[in-house]
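Here is a friendly briefing to read alongside the structure.

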4 protein chains.
Amino acid sequence: MIMFNCDYNEGAHPKIIELLEKTNFEQTPGYGEDHYCEKARNLIRKACGRNDIDVHFLTGGTQANLTVISAALRTHQGVLSAHTGHINIHEAGAIEATGHKVLPLPGGSEGKISAAAVEGAVRLHWEDETHEHMVQPKMVYISHPTENGALYSKDELLALREVCDRKGLLLFLDGARLGYGLASADTDVTLKDLCRCCDVFYIGGTKVGALFGEAVVITNESLKEDFCYIIKQKGGMLAKGRFLGLQFLALFEDDTYTKIAREADEQAARIARACTGAGFPLLAASPTNQQFPILPDDLIARLSEKYVFSHWERIDSSHCAIRICTSWATRSEDVDELIADIQALKA
Amino acid sequence: MIMFNCDYNEGAHPKIIELLEKTNFEQTPGYGEDHYCEKARNLIRKACGRNDIDVHFLTGGTQANLTVISAALRTHQGVLSAHTGHINIHEAGAIEATGHKVLPLPGGSEGKISAAAVEGAVRLHWEDETHEHMVQPKMVYISHPTENGALYSKDELLALREVCDRKGLLLFLDGARLGYGLASADTDVTLKDLCRCCDVFYIGGTKVGALFGEAVVITNESLKEDFCYIIKQKGGMLAKGRFLGLQFLALFEDDTYTKIAREADEQAARIARACTGAGFPLLAASPTNQQFPILPDDLIARLSEKYVFSHWERIDSSHCAIRICTSWATRSEDVDELIADIQALKA
Amino acid sequence: MIMFNCDYNEGAHPKIIELLEKTNFEQTPGYGEDHYCEKARNLIRKACGRNDIDVHFLTGGTQANLTVISAALRTHQGVLSAHTGHINIHEAGAIEATGHKVLPLPGGSEGKISAAAVEGAVRLHWEDETHEHMVQPKMVYISHPTENGALYSKDELLALREVCDRKGLLLFLDGARLGYGLASADTDVTLKDLCRCCDVFYIGGTKVGALFGEAVVITNESLKEDFCYIIKQKGGMLAKGRFLGLQFLALFEDDTYTKIAREADEQAARIARACTGAGFPLLAASPTNQQFPILPDDLIARLSEKYVFSHWERIDSSHCAIRICTSWATRSEDVDELIADIQALKA
Amino acid sequence: MIMFNCDYNEGAHPKIIELLEKTNFEQTPGYGEDHYCEKARNLIRKACGRNDIDVHFLTGGTQANLTVISAALRTHQGVLSAHTGHINIHEAGAIEATGHKVLPLPGGSEGKISAAAVEGAVRLHWEDETHEHMVQPKMVYISHPTENGALYSKDELLALREVCDRKGLLLFLDGARLGYGLASADTDVTLKDLCRCCDVFYIGGTKVGALFGEAVVITNESLKEDFCYIIKQKGGMLAKGRFLGLQFLALFEDDTYTKIAREADEQAARIARACTGAGFPLLAASPTNQQFPILPDDLIARLSEKYVFSHWERIDSSHCAIRICTSWATRSEDVDELIADIQALKA
């Protein structure tokens, strides 16, 4: 079976394995205080064009989300998220387990939330006479790309920044698949823009070539204080922290991170074109490594004999949207084969 | 500088790196549902002599502690621990952050707690007329080896089991350094004994040859239900879970886990003998990979120029106990050199 | 100004004040272990027709909700509620602060949830391959009357009970305004039915004649254990607990609780009839003490000079639904006056 | 039986009952936004000599403790307390349930903690290289009077203030029995001093003449923001909040609060003198309403036939310390009788 069901079916980019092997017996201090972590942090600072940002390496996305949110909010404050946001649906209540409510906003078919929707929700809160009986919205959580593979434009991010400034909110961007967003042919957003727009965001490693690990970038001075305590408390501090540093070192040298993500985006685009070319519409246009073609049930059944992918959403009695994911590890010949099969089986 | 300050200064056992490399491009399902994890679980079941245990791979020790405790206790229940226990001192309030009080018991110089001490604390609770105003002791947390390198005997563990049965308590054993305990020349405790005595325990990987990872073993039926939800909620579920499986596969094939731990214990014993031979007492006898010699301050200063170790406890105005750790990666020639230096510098 | 904005504008029913005064200097044990509490518990048991229920007196509704939910759920479990449910909107994140997600279901205009909706949500959870990444629905929370004054029928409650039994869920009924529901001319639900249908529910005092206090009734054996610890932990245990007992004693002697609620319902019905008689529709029919007439803005402005009520929902550019509440303390002459003013001002 | 076992055996001071009765049918807004609460707040501001303090009325002591601490701390921060402190022992883990560790300090026989002890603990934290792995001490919790009836001197409070300023800590004073402290013949501490020394403290009502209720006083600007949200979230906001205002109104008019406490202190002193006069030592000198005489077991047995009091601590095989509490409601003739019995039975 060829797997297109997610972007974490393989191990790690070979550069990572190589670096791990090469440095294996070197002795270093623990908990991320080694020189590899420091180098990786500096590479990220350079890529961001900022020396004043804090960079922390955490073990995974849910860990990053719950650590950041728990560090930033007081007990009565909540976080606005698209209804389809990962923190609202797919983290087994991780945020609530730290005591905070996720305040869902309609995310639409793209899973994005707009500055206007944020402003509306916040105004509704403060205009309510009994707002002290309600959770206070204090943070905005967005994913880029979203769960649905969509991207914010630079203007949309600037508008969110503006409403956050005006309303005293923090903007947090979940970049679990950030590489596929930055490398997209269809984006005007750079790491520098994220530093300008977000109070805190993370650069996903797990889904973009690392074995695991996310690099949390904090730009807002008030969020920097004591962050390491909270990483430790939530169980996200790796004793052999250098291994997280090594991975981001490998990914950020020679811009490997964006390069491998670009190839994945291109393979995804080939699949999308093959689908539409064969007469199958997409659930929504996606400029990143996830594609959601709407296929007839019998075609899905036939493809399922050879490929693994996710059933995303039933469209009508004879059609489903499926999710096809490429990744840094996707082989061109596997995509060729899938495309050929779609074309062959469409009739 | 030669580092003896902890057991996580190096990377991973070469077998792990090798296996990682060999399997890197294989496609597998995520979240620990792959065949490597299944094989590793089966190897651990075999080593435990039990087919009815659940085995889960988590990312680290604090993560394992907070996940197990949070899964097991109701909101009004607490966990008894030696005052020096890791959960009481060195996890930045991880347990309290899940809502539960750590109920400290005096741990003595060895960091152990006895069945009698547990029984006393529990009796005190239930005899108090206002016990409903107090945290209900429901779990006993012990480390084996303890923070101080000490080990429980089989009789001590059986006595704890007995009091737990009689008082309706759960017994949880933190085995972050378990390998060094199981491999000790001075123990009568086996994995099978742990399965018999504990409701839940874990087999530490991070400090015994893995890059990271702990294998949580659940023997008590009532603790098995829904455990995966809680791993996910607390951020300890690795997307590329197979990498945890691979590591325990490498460690539990051919009994590598115990073999490499035994070598570390032996190197530690050599250092201990060198110290006592040179006239320096040990803070307490330790049969595992940590040794706590009491040295004069000037000797400590001289050794510090060449070796890294921890200052543990001031003994008097001119002596300190230090902690020297060996590990699966300790080189015999480094120990030779340290011993030679202690002998040369003692005068 | 005459206040119709809520059902807690006045103090307590005179029988309560009288009893308080009469018993004031008697010495009793604290924390609800006195004979008044015991008598009140027995009166409630009698009214429920059950000797095997546990009855606890708590200080308020939010307190009761967070205590019950926190006592019943494990960390990964959540509670299904109508989107408009009090716990989802108006408790400042009280439930999330105990670590649990409120899982909202559409409540419709009445604020009720159906057995079918519950079944659907639960099926969706368990059918999802990754359900261990999602909050597990374990409890169903309903209000009776709802926030919108609506009532469940006995059949609806039995259907909820049935789906809860079949799916392993707990049914929790928030009875902050229960008296007004039990006393309604339009209900077939009795306290005995609630005992049969619910695992736990409470009989609201605060809004039905007490100064404060809710009587939590637990019918499910598994929820009874250790409940007092959790009352204490959450701050809901009154030192002079007898005062809670005294209030429910006064309310449950001679069925005072239902009698005073019935009068309030009747006054509310008079207002509803006056509105519809004057040509003003109701947002939804309510058989209890809250009415939601839709009035023209200028009439609302005129009434606002003399009466206090809540603006509930804008209907169109010139009409709003308002909420008018009666209570055990509503004076008939105030209702006469309001009705006369509505009739006089309608043109 | 005559009860001396606590200070909450009776109802409320008659002025409170009277005021409650008088105002019962008046209509007011809920949640403490009525004019009685406002008057009570102003009386307290006046007694404190400060117009810039925030005053909030909460339902009880545990509620006040958990609300204040949860409002003040970030997730990785803990609260220093005497080991015997109420939050450490007698609140069923209320503080931990909000996610925060109580950091115990030895409290000595008086249950007090010194500025030096606080400074030592805080220094130890910051000097530890791995302090980010430990709970950060951020707040100091003291009781005045303590659980053991002892009082801080003004100098001791000023010293605590000084170390808190120097180390960036918050000082929180639990005044559940504050009246008995302020009224003591043996104190130099006034409400004004508390405002000067504490960031936040509360004036206990429950144990000093109210049916229930504590007035939380916030002097530190940074703790004022959004406090009402957190009162609501934790379940401490009374719908008929005016009843809390009425009680403090009654207590703070004409200095009733101190007057009734002074009588209780004097009755307690009479009992203490009778004990020492009869040759029975006190466990520790107490200048407030609790006394801890050490009595022979047979005398205790005889007194137990007629009086209710608490067994506090076994002293030796034939002696126990007991706790005798007076209160605002203690009758002089009951004290006469107790004293006579002690004298008659001593032989």
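In this predicted model, 40 residues of chain B are in contact with 40 residues of chain A.

**Chain B with chain A**

- On the side of chain B that touches chain A, the elements giving two or more residues are α1 (14–23), α3 (61–72), α5 (94–97) and α11 (227–233) of chain B.
- With four residues, α1(B) gives the most to this side of chain B.
- By class, the side of chain B that touches chain A has 18 nonpolar, 16 polar and six charged residues.
- How are the two copies related? Chain B is superposed on chain A by a rotation of 180 degrees with 0.0 Å of shift along the axis, and the RMSD is 0.0 Å.
- That relation is the one of a two-fold axis.
- Of the interface residues of chain B, 100% are also interface residues in chain A, so the copies meet through the same surface.

**Chain C with chain B**

- Here 14 residues of chain C are in contact with 14 residues of chain B.
- Helix α11 (residues 227–233) of chain C supplies five residues, the largest share of the side of chain C that touches chain B.
- That side of chain C consists of three nonpolar, seven polar and four charged residues.

**Domains of chain A**

- Chain A is divided into domain 1, made of 2–7 + 257–345, and domain 2, covering 14–255.
- Taken over C-alpha atoms, the centres of domain 1 and domain 2 of chain A are separated by 28 Å.
- Between the domains of chain A, 16 residues of domain 1 are in contact with 23 residues of domain 2.
- Which helix gives the most to the domain 1 side of this contact in chain A? That is helix α13 (residues 256–277) of chain A, with eight residues.
- The side of domain 1 of chain A that touches domain 2 of chain A divides into seven nonpolar, five polar and four charged residues.

**Helices α1 and α12 in chain B**

- In chain B, α1(B) packs against helix α12 (residues 242–252) at an angle of about 135 degrees, and their axes are 9 Å apart.
- This angle makes α1(B) oblique to α12(B), and the crossing is right-handed.
- From α1(B), the contact uses B:Lys15, B:Ile16, B:Leu19, B:Leu20 and B:Thr23, while α12(B) brings B:Phe243, B:Leu246, B:Gln247, B:Leu249 and B:Ala250.
- The residues in the contact of α1(B) with α12(B) are seven nonpolar, two polar and one charged.

**Helices α1 and α12 in chain C**

- In chain C, the axes of helix α1 (residues 14–22) and helix α12 (residues 242–252) come within 9 Å and cross at roughly 135 degrees.
- That makes α1(C) oblique to α12(C), and α1(C) passes α12(C) in a right-handed crossing.
- C:Lys15, C:Ile16, C:Leu19 and C:Leu20 of α1(C) meet C:Phe243, C:Leu246, C:Gln247, C:Leu249 and C:Ala250 of α12(C).
- The contact of α1(C) with α12(C) has seven nonpolar residues, one polar and one charged.

Key: Residues numbered from 1 in each chain as written. Chains lettered and ligands numbered in written order. Predicted model: local features only at pLDDT ≥ 70, side-chain atom pairs only at ≥ 80, totals over all residues. Contact = placed C-beta atoms within 7 Å. Nonpolar A, V, L, I, M, F, W, Y, C, P; charged D, E, K, R; others polar. Least-squares fit on C-alpha atoms with pLDDT ≥ 70 in both. Domains from an automatic or database assignment. Axes fitted to C-alpha atoms, helices over the stretch in contact; angles between N-to-C directions. Parallel < 35°, antiparallel > 145°, perpendicular 65-115°, else oblique. Left-handed = near helix turned anticlockwise from the far one by under 90°.
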